[in-house]
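Me: I have a structure open and have not looked at it before. Can you walk me through it?
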Amino acid sequence: MQDLEIVGQQSVFEHVFKHAPIGIALVSIEGDWISANPAVCKIFDCTHEELLSRPATDFVYSDDPAINARVLQELFDGASHTFEVEKHFMHRNGDSIWTSLHVSLVREEETGLPLYYISQVLDITATKATELKLQESIERYTSLKKYNHDAIVSFGLDGTVINGNVMAESLTGYKIPELIGTDIAKLIGELNVRNVLTTHGDYTSVENDINLIRHKDGHRVEVLATVAPIIIRGKNVGFYLIAKDMTEQKRLIIEKEAAEKTNRAKSDFLAMMSHEIRTPMNGVIGMTDLILQTPLDAEQQEYVQIIKKSGTTLLAIINDILDFSKIESGKSELVEEPFSVRTTLSDALNVILPKTLEKNLALTTSIAQDVPQIVMGDVTKVRQVLMNLMGNAIKFTPNGAVSIVVQRDPSSEADKVKLRFSIRDTGLGVAADKVVHLFDPFYQADYFMTREFEGTGLGLAICKKLVALMDGDIWHEHNGDQPGSTFVFTGTFRQLELPAVASAESEEVQAADPLRIMIAEDNEVNQTVLKKMVEKLGYNSTVVVNGAEAIEAVERSPYDIIFMDVQMPLVDGVEAARVIKEKMSAEKIPFIVAVTAHALKGDRERYLAAGMDEYISKPIQMDAVSSAIEQCLAIKRRS
């Protein structure tokens, strides 16, 4: 071996310093730069001058002052000759660089005095990234196992339990140390273990068989199981058993099925009650309408008015009970359509105006200018709440005034508007201790006083539920020193600005063009009521008693409009309408109106979807019949 002096010691050191792939930095005891080799510059992708602009101590000091003080003191004392520290740097382009610094202290050979530090710089960025990914994977797995709501038990190919999570302890009753090293068969049975170990690929059938876990105390827990193989370097070394406790889910499923069965029974009962009650009520109210249009003396007029009022009151009570019941059973849903707030309020006022005039009450309305012309919402529910509150205001106001104010609520959003409806009266008011119960079902504030006013006490409870469906609220306010009450409700609606539509000029139907009307109804009372109403409106009609006769009549002679009862013998109204529309040419198809006692949520939509052109419910009102005829006439005008 040649002596180093012969080769040239100085030249060797210079060659290594310049060409070594490891970075080498020389730093004085005072912390100043002495030199750095090209490898350091390459690691940090910088020039020698840029490197020297960095603090030299970065290459010999740790980021932790406590470590610095200890390891540097050990170097100076001679207790250690080198120390290693990992250090994070930022590349000038923003990338992270991880380095391993191996720092040693060079001393004067004769005196042993410290001369300078040598720091060897290794780029471990790639290694660190791999390490961090591995650590992340480990932490993800640990978190998944620790915080999973399902029990996880791992076991080897011999069926021996390897480990488990906290939920496994809860599900099995065993602590994990108790399970480790035992046979998984004590939890899932020998047959299931054998099936797991002998199955390859698809574990679905095995999972279906593992539906019970044996608890430590002896009872069995219903579970939904998943079996997953543990693959390491392409080799199956064991399995995970993941088990979800289905005890609570089973209970919820049973309760859900019971609730759905109850709701179905309630819905069926409501539909039956609606039909059975409204059909005879149709005869009572319809016939009183017709009697009132015949010559009567004063005494007869009074008696018939009492019958009509009693029938109307009974119908209102029935409607309240059915409305409340269908909301309670979840049958009431929002039906969004564009509507005018101003028109809706006007329609409601027209209905209650006669009662207002009868009691000689002043009625005022006010709609703020920033209330949109058109909004998207359920106009029927808005009208129902308005009618109820305005009706109450008139009922409980012996004299004075009722006012309705509509404003835009300040909490409105850009695409949604919250409207505030305030109905104020100067009536009897509500005692402070009764306000808290106002919106309770079947509660009436006057019950404890005179029981003067009729009703079910469901009106405000229904209003509260309808308003909640519209993402709103309802409450009562006292009028301060003034008499009476104020009821306020809000509703949220989507804003919709519809383009202006030019109004078409009205056209008159020639009087010489008679309307051909058919009534398809099997009930004799309903036949009479509907036929008389049509006659009062100035038209003649033909009566058939079932759907089959309706089809035959249309084939013999064309009709403009058919009032079609839905429930009839032989062929029902829906089937009759379908057959008629299939057989007739487009220009000869009559306008078919579904007439039914079914008046629950969704019935109108269902019959229109089945091919009917309009829908009216029993008890039949003269206005509804007139409106259907007007629609038919409007179609004739256009054609």
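Me: How many helices and strands does the chain have?
Reply: The chain has 21 helices and 22 strands. Helices (H or I, at least four residues) and strands (E, at least two) are DSSP runs, numbered from the N terminus.

Me: What kind of model is it, and how are residues numbered?
Reply: This is a predicted model, where local features need pLDDT of at least 70, side-chain atom pairs count only at pLDDT 80 or more, and totals for chains, interfaces and linings use all residues. Residues are numbered from 1 along each chain as its sequence is written, and side-chain values use heavy atoms, with hydrogens and water left out.

Me: What is the mean pLDDT of the chain?
Reply: The mean is 80, and 84% of the residues reach 70 or more. pLDDT is the predictor's confidence in each residue, from 0 to 100.

Me: Where is confidence lowest, and where highest?
Reply: Helix α1 (residues 4–7) is lowest, at a mean of 49, and strand β18 (residues 517–520) is highest, at 94. Over residues 442–457 the pLDDT is below 50, and this stretch has 29 contacts in the model beyond near neighbours in sequence. Residues 498–512 also have pLDDT below 50, with five contacts beyond near neighbours in sequence. A contact means heavy atoms within 4.5 Å.

Me: Changing topic: which residue does UniProt list as a modified residue?
Reply: The UniProt record, an unreviewed entry, lists D565 for "modified residue: 4-aspartylphosphate". Such annotations may be inferred rather than shown by experiment.

Me: Where is D565?
Reply: D565 is in strand β20 (residues 561–565).

Me: Does D565 count as buried or exposed, and why?
Reply: D565 counts as buried because its relative accessibility is 4%. Buried means under 20% relative accessible area, exposed over 50%, and partly exposed in between (1.4 Å probe, protein chains only).

Me: What does D565 touch?
Reply: Leaving out residues up to four places away in sequence, D565 touches A520, E521, D522, G573, V595, T596 and K618.

Me: Now strand β13. Which way do its residues point?
Reply: In β13 (residues 374–377), I374 and M376 point one way, V375 and G377 the other way, and all are buried. In a regular strand the side chains alternate between the two faces of the sheet.

Me: In what sense does β13 pair with β11?
Reply: Strand β11 (residues 337–340) pairs with β13 in the antiparallel sense, over four bridges. E337 stands opposite G377. Pairing requires that DSSP finds at least two bridges between two strands.

Me: And how many bridges join β13 to β17?
Reply: Two bridges join β13 to strand β17 (residues 485–495), and these strands run antiparallel. V375 has Q495 in β17 as its bridge partner.
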